[in-house]
Amino acid sequence: MAPGREANDRDDTARARELLAQERRSIDNIDAALVHLLAERFAHTQRVGVLKHAHGLPPADPSREQEQITHLRSLADTAGLDPVFAEAFMRFIVTEVIRHHERIRDEGSDAESA
């Protein structure tokens, strides 16, 4: 390989590593934002769980869940995100929220019977 070509390859590789580092910093920032958004979301859903328990409402609301999934699939499609992925992600979150609501209900029932 010619010496000039080797120098260009090294420069290209160095530039690629620099771009990779920049992209990874952006990804890390987005991941941090996602964690904070999820924490905020779960704080609200915890309050919803307390309200549901206080008023004898069930932990799950299948019609609300379906509305949200339909809405998020549409948002995902518009944003260029795979709607199947968006739905799977939302179902994962909803499953966790319901588990929290069931725990609130069960802990409330334990406290009420004590």
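Colleague: Which residues line the largest cavity?
Modeller: Gly-49, Lys-52, His-53, Leu-57, Pro-59, His-101 and Arg-105 line the largest cavity. Bear in mind that this is a predicted model.

Colleague: How much space lies in the largest cavity?
Modeller: About 30 Å³.

Colleague: And how many cavities of 30 Å³ or more does a search of the whole structure find?
Modeller: One.

Colleague: OK, back to the lining of the largest cavity. Which helices each supply at least two residues?
Modeller: Those are α1 and α3, the latter spanning 83-113. The most comes from α1, which puts three residues into the lining of the largest cavity.

Colleague: How do the residues of that lining divide into nonpolar, polar and charged?
Modeller: Two are nonpolar, three are polar and two are charged.

Colleague: Switching to the surface, which residues make the nonpolar patch?
Modeller: Ile-30, Leu-34 and Leu-37 make a nonpolar surface patch of about 300 Å².

Colleague: Where does Ile-30 lie?
Modeller: In helix α1, which covers residues 3-54. That's the helix that gives the most to the lining of the largest cavity, too.

Colleague: What about Val-84, which helix is that in?
Modeller: Val-84 has its place in helix α3.

Colleague: Why does Val-84 count as exposed?
Modeller: Because its relative accessibility is 53%, and exposed means over 50%.

Colleague: Last one: how far apart are Val-84 and Arg-73?
Modeller: In sequence, eleven residues; in space, their C-alpha atoms are 7.3 Å apart.

How values were computed: Residues are numbered from 1 along each chain as its sequence is written. This is a predicted model: local features need pLDDT of at least 70, side-chain atom pairs count only at pLDDT 80 or more; totals for chains, interfaces and linings use all residues. Side-chain values use heavy atoms; hydrogens and water are left out. Patches are made of residues with over 30% relative accessible area and no salt bridge: like charges are joined within 9 Å, nonpolar side chains (Val, Leu, Ile, Met, Phe, Trp, Tyr) within 5 Å. Accessible areas come from the Shrake-Rupley method with a 1.4 Å probe; for residues, only the protein chains shown count as cover. A salt bridge is a side-chain nitrogen of Lys or Arg within 4 Å of a carboxyl oxygen of Asp or Glu. Helices (H or I, at least four residues) and strands (E, at least two) are DSSP runs, numbered from the N terminus. On a 1 Å grid over the protein atoms alone, a cavity is a set of points where a 1.4 Å probe fits but cannot get out, and a pocket is an open set with protein on both sides within 12 Å along at least five of seven lines; lining residues have an atom within 4 Å of a point. Grid points are joined across faces, edges and corners, and a volume is the space filled by probe spheres set on the points. Ala, Val, Leu, Ile, Met, Phe, Trp, Tyr, Cys and Pro count as nonpolar, Asp, Glu, Lys and Arg as charged, and the others, Gly among them, as polar. Buried means under 20% relative accessible area, exposed over 50%, partly exposed in between (1.4 Å probe, protein chains only).
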